[in-house]
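I opened this entry to keep track of what I looked up. The coordinates come first, then my notes.

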Amino acid sequence: DLDPTPAAPFSRVVTIAKYVLAALKDGHYHAAIKTSGSRGLHIFIALPPRTTYPKAQEFARIIATTVAEDYPKEATVQRSIAKRPRGTVYADFLQNAEGKSVAAAFSVRARDGAPVSMPIAEKELATGLRIEDFTIANAAAQAAKRGKIWENGLR
């Protein structure tokens, strides 16, 4: 879960997503990406069946911490909002815990403009992607085009 601090533009979230995907590719992992339907991005990794929550969280912690250490002016794993460096993106590996919830792909969020959590292709990270481009107004048309993106990213 990549969440921008208030001073971080969405373009910084996109940059951090690229760093995370590069780290995953180094380990030969596949990932699916979607907008959160709020201000950030979610990256899903297909782990082996019966992976425990603690093991999934540790895997995410290693990736998030590596990215935060490599790019400390852009990313953080600091849980405390008050202690996060200004303008950074919080790589929230703690979302990988039993009982945590996440917006499902294609779901509408209860926010101004009715944004939708939408799968995106990795190549879209280089195209000026904007959260505002995915709303209830265009969700059906977008979903028809994007179902395979989500499915293929998790293989």
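I am working with a predicted model.

**Pocket**

I started with the largest pocket. Its space comes to about 710 Å³. I then listed the lining and got 26 residues. Nearest the centre of the pocket I found Ile43, Phe44, Ala60, Gln95 and Asn96. H2 gives the most, with six residues. I also sorted the lining by class. I got 17 nonpolar, six polar and three charged residues.

**Helix H2**

H2 contributes most to the pocket lining, so I turned to that helix because I wanted to check its length against the 26 Å that 18 residues should span at 1.5 Å a residue. The end C-alpha atoms of H2 are 26 Å apart, which agrees.

Which residues of H2 are buried? I noted Ala56, Phe59, Ala60, Ile63, Ala64, Thr65, Val67 and Ala68. I looked up what the buried residues of H2 pack against. Their partners are helix H1 (10-26), S3, strand S4 (75-76) and strand S5 (89-91).

I also checked the start of H2. There a side-chain oxygen of Thr52 reaches to within 3.2 Å of the backbone nitrogen of Lys55.

**Glu124**

I moved on to the loop between strand S6 (119-120) and helix H3 (139-153), where Glu124 is found. Is Glu124 buried or exposed? Its relative accessible area is 15%, and buried means under 20%, so Glu124 counts as buried. I looked for a polar partner of its side chain. The side chain of Arg146 makes a polar contact with the side chain of Glu124, at 2.7 Å. Setting aside residues up to four places away in sequence, I found that Glu124 touches Leu129, Arg146 and Ile149.

**Phe134**

Phe134 is also in the loop between S6 and H3. I read a relative accessible area of 2% for Phe134, which means that this residue is buried. What is Phe134 in contact with, leaving aside neighbours within four places in sequence? I listed Thr35, Pro115, Val116, Met118, Ile120, Leu129, Gln142 and Arg146. Leu129 and Arg146 are on the list for Glu124 too.

Last, I took a distance back to Ile43. The C-alpha atoms of Phe134 and Ile43 are separated by 17 Å, and the two residues are 91 residues apart along the chain.

Conventions:
Residues are numbered from 1 along each chain as its sequence is written. This is a predicted model: local features need pLDDT of at least 70, side-chain atom pairs count only at pLDDT 80 or more; totals for chains, interfaces and linings use all residues. Side-chain values use heavy atoms; hydrogens and water are left out. On a 1 Å grid over the protein atoms alone, a cavity is a set of points where a 1.4 Å probe fits but cannot get out, and a pocket is an open set with protein on both sides within 12 Å along at least five of seven lines; lining residues have an atom within 4 Å of a point. Grid points are joined across faces, edges and corners, and a volume is the space filled by probe spheres set on the points. Helices (H or I, at least four residues) and strands (E, at least two) are DSSP runs, numbered from the N terminus. Ala, Val, Leu, Ile, Met, Phe, Trp, Tyr, Cys and Pro count as nonpolar, Asp, Glu, Lys and Arg as charged, and the others, Gly among them, as polar. The expected span of a helix is 1.5 Å times one less than its number of residues. Buried means under 20% relative accessible area, exposed over 50%, partly exposed in between (1.4 Å probe, protein chains only). Contact means heavy atoms within 4.5 Å. A polar contact is a pair of N or O atoms within 3.5 Å; within protein, one must be able to donate a hydrogen and the other to accept it, and residues adjacent in sequence count only if both atoms are side-chain atoms.
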